[in-house]
Amino acid sequence: MSATVAPHSSDSVTLMGAGLVGSLLALYMARRGHSVDVFERRPDPRLAGPVEGRSINLALSDRGWRALEGVGIGDEIRRVAIPMYRRVMHDAKGQLTFQPYGQDNQAIYSVSRGGLNRTLLELAEAEPGVTLHFNQQCLHVGLKERELHLRDAATGQEQVRPFQRLFGTDGAFSAVRTAMQKTDRYNYSQSYLEYGYKELNIAPAADGTWQLEKNALHIWPRGQYMMIALPNLDGSFTCTLFFPYEGKHSFAALQTPAQVQEFFAEVFPDAAPLMPELIEDFFQNPTGSLVTVRCFPWAFDDDVLLLGDASHAIVPFYGQGMNAGFEDCTVLSQLMDEHGNDWHTIFQEFQRQRKPNADAMADLAIYNFEEMRDRVADPRFLLQKKIESKISAQYPDQWLPLYSQVTFSPDTPYAEALANGQRQERIMRKLMKHIEAEADFDKPEVQELVHHEMGRIAD
Ligand SMILES: Cc1cc2nc3c(=O)[nH]c(=O)nc-3n(C[C@H](O)[C@H](O)[C@H](O)COP(=O)(O)OP(=O)(O)OC[C@H]3O[C@@H](n4cnc5c(N)ncnc54)[C@H](O)[C@@H]3O)c2cc1C
Ligand SMILES: NC(=O)C1=CN([C@@H]2O[C@H](COP(=O)(O)OP(=O)(O)OC[C@H]3O[C@@H](n4cnc5c(N)ncnc54)[C@H](OP(=O)(O)O)[C@@H]3O)[C@@H](O)[C@H]2O)C=CC1
Ligand SMILES: Nc1ccccc1C(=O)C[C@H](N)C(=O)O
């Protein structure tokens, strides 16, 4: 798709945060002819090199692709993205089972966070009217005065700058949101899981190839915890251990190199030999916390709007946080097409449309953690998924699995996907009482029940 959107105006806009959403939004705004100033607390990642131990790669799916294609950069990113067609589950004996994500050619894509961010910044900076200001930490926002209080992280120098219209894309711990939280009747909640995450690494083989199936997302489901691995272009995999902070199997219980080595050899026996730097990684990489942030409103007057994690930080288990933030950019752009310079309507409509979807995605993300760490190890669950894909093949217009609605259906709002998924789950529970094997799907009583339920969905 080609670069889009005719400019409507040349308002001056300010973005706080040049992460994934901020750098994409800068491109969207610049392509509309706005002059754009972007402030970012970190140094320019194009000069600083990769930051170790911080979500190295991400799963990009259709909502994200749509937003990238909206500014004409889908193909460029696709060239460096690795398709993952299925889950591969590793049991405690190293035996494998498989679960496809969708139809034959459907995949989620592993992309480098740093690479994607750098590409977006490069493209944004090449647009006329875009100025990137790195090492600029927002200390405070004067909402009523329309002032930014910034500190230069390199020199320590502080400055106050006016803004005309501000977009808060400064992530889960947003300073722009902090300012809004101090306004009257502001709703805010944050909820931490009792789990943390640690990024580890599976090395490439000596010839630079992948030591596990390349085009898959790998899961070691262990009931109360799990490890996952996503492929990188250099033949390595980035693994993430999602693990309780406290308890028998927990970060607290693994204090010495010997304890870590022994634990991995026992519970991840096929992965441990592929992780030569396990001990260094485990003790040097930080343990990240996992938080869901909900807040409302997202707009302050017609002057300030939150997007991305700043307004809806979710736990990472569906691989949708960035995708949802990119979808924010798509929706905002559509609203700008519809309403021109009427920022009041744009901001109000944006938060009205997006808030229920962000809330639904937050719930789905928590739900997927249980599925990934526990249910995928259950043969009944995998059987249910096979039966569900048979229903979907038989009734393609009436039944799309929840995972596909979230991941491969950018026209289906998250809230609608969640509601459909809950209804489907109720039907599957009824059906599975009659099913012991895949072939049972063709039994007359099962077919009759499926037919009956489809009739009710259609009504
Ligand atoms: C372990 C993990 C795995 C994940 N995996 C996936 C995945 O597979 N797929 C997916 O879609 N999502 C995933 N996510 C979620 C994804 O990382 C986020 O949703 C996404 O990064 C949000 O983008 P953002 O631009 O809103 O925030 P960020 O990417 O965090 O960007 C915010 C930017 O603002 C800057 N900033 C912060 N505070 C200030 C300040 N005071 N002043 C100036 N600048 C500031 C930050 O330095 C940063 O550059 C994952 C998250 C985690 C933690
Ligand atoms: N939903 C979730 O569970 C999580 C989401 N994320 C998202 O992932 C993306 C990348 O994150 P990453 O680069 O690793 O970010 P970091 O974890 O490096 O966080 C960036 C900054 O946020 C502040 N911060 C970090 N953790 C906390 C906390 N628990 N409470 C208050 N402030 C905190 C710190 O600021 P300072 O140094 O000033 O204290 C830190 O330097 C971001 O989008 C973030 O929004 C990140 C972690 C968890
Ligand atoms: N990127 C992630 C990061 C952390 C945890 C999960 C993911 C996933 O993408 C999971 C995938 N959507 C799945 O359902 O198998």
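**Briefing: fold, ligand shells and local features of a predicted model**

Y195 is found in strand β13; strands (E, at least two residues) and helices (H or I, at least four) are DSSP runs, numbered from the N terminus. This is a predicted model, in which local features need pLDDT of at least 70 and side-chain atom pairs count only at pLDDT 80 or more, while totals for chains, interfaces and linings use all residues. Residues are numbered from 1 along each chain as its sequence is written, and chains are lettered from A and ligands numbered from 1 in the order in which they are written.

**Strand β13**

- With 22 C-beta neighbours inside 10 Å, Y195 counts as buried; a residue is buried if 20 or more other C-beta atoms, placed from the backbone, lie within 10 Å of its own, exposed if 12 or fewer, and partly exposed in between.
- Beyond its neighbours within four places in sequence, Y195 is in contact with F242, F243, P244, Y245 and L290, where contact means that the C-beta atoms of two residues, placed from the backbone, lie within 7 Å.
- Y195 and L241 are 46 residues apart along the chain, and their C-alpha atoms are separated by 9.8 Å.
- E199 also lies in strand β13, which covers residues 187-202.
- E199 is buried, as 20 other C-beta atoms lie within 10 Å.
- From E199 to C239 the C-alpha to C-alpha distance is 5.7 Å, although 40 residues separate the two in sequence.

**Overall fold**

- The protein chain contains 15 helices and 19 strands.
- Its radius of gyration is 23 Å, close to the 23 Å that the globule rule gives for 459 residues, so the chain is as compact as a globular protein of that length; the radius is taken over C-alpha atoms, and the rule is 2.2 Å times the number of residues to the power 0.38.
- The C-alpha trace spans about 65 × 60 × 45 Å along its principal axes.
- Of the 459 residues in the protein chain, 40% are buried.
- Among contacts with a separation of 6 or more, 70% are made by residues 24 or more positions apart.

**Domains**

- The domain assignment gives domain 1 (12-51 + 58-80 + 111-189 + 292-369), domain 2 (191-289) and domain 3 (378-458); such bounds come from an automatic or database assignment.
- The centres of domain 1 and domain 2, taken over C-alpha atoms, are 30 Å apart.
- Six residues of domain 1 are in contact with five residues of domain 2.
- The side of domain 1 that touches domain 2 has three nonpolar, three polar and no charged residues; Ala, Val, Leu, Ile, Met, Phe, Trp, Tyr, Cys and Pro count as nonpolar, Asp, Glu, Lys and Arg as charged, and the others, Gly among them, as polar.

**Nonpolar cores**

- The largest nonpolar core has 110 residues, and those with the most contacts inside it are L24, L25, A26, L27, V176 and L305; a core is a set of buried Ala, Val, Leu, Ile, Met, Phe, Trp, Tyr and Cys residues joined through C-beta atoms within 7 Å.
- Apart from this core lies another, of five residues, among them I387, I391, L400 and V450.
- L25 is in contact with L15, F167, T169, L307 and C329, leaving aside its neighbours within four places in sequence.

**Ligand shells**

- Ligand 1 is surrounded by 33 residues, of which the closest are G17, G19, G171, G308 and G321; a residue is near a molecule if its C-beta atom, placed from the backbone, lies within 6 Å of it.
- Two or more residues of this shell come from each of α1 (20-31), β3 (57-60), β9 (136-142), α9 (309-312) and α10 (321-339).
- The largest share of the shell around ligand 1, four residues, is given by α10.
- The shell around ligand 1 comprises 13 nonpolar, 15 polar and five charged residues.
- Around ligand 2 there are 14 residues, and G171, A172, F173, D309 and A313 come nearest.
- Strand β17 (residues 288-296) gives the most to the shell around ligand 2, with four residues.
- The shell around ligand 2 divides into seven nonpolar, five polar and two charged residues.
- The shell around ligand 3 has eight nonpolar, three polar and one charged residues.

**Backbone features**

- The peptide bond from F296 to P297 is cis, with omega near 0°, and P297 is placed in the loop between β17 and β18 (299-300).
- N135, in the loop between β8 (130-133) and β9, has phi near 60°, a positive value in a residue other than glycine.
- R185 lies in the loop between α6 (175-181) and β13, and its phi is near 55°.
- R185 is exposed, with 6 other C-beta atoms within 10 Å.
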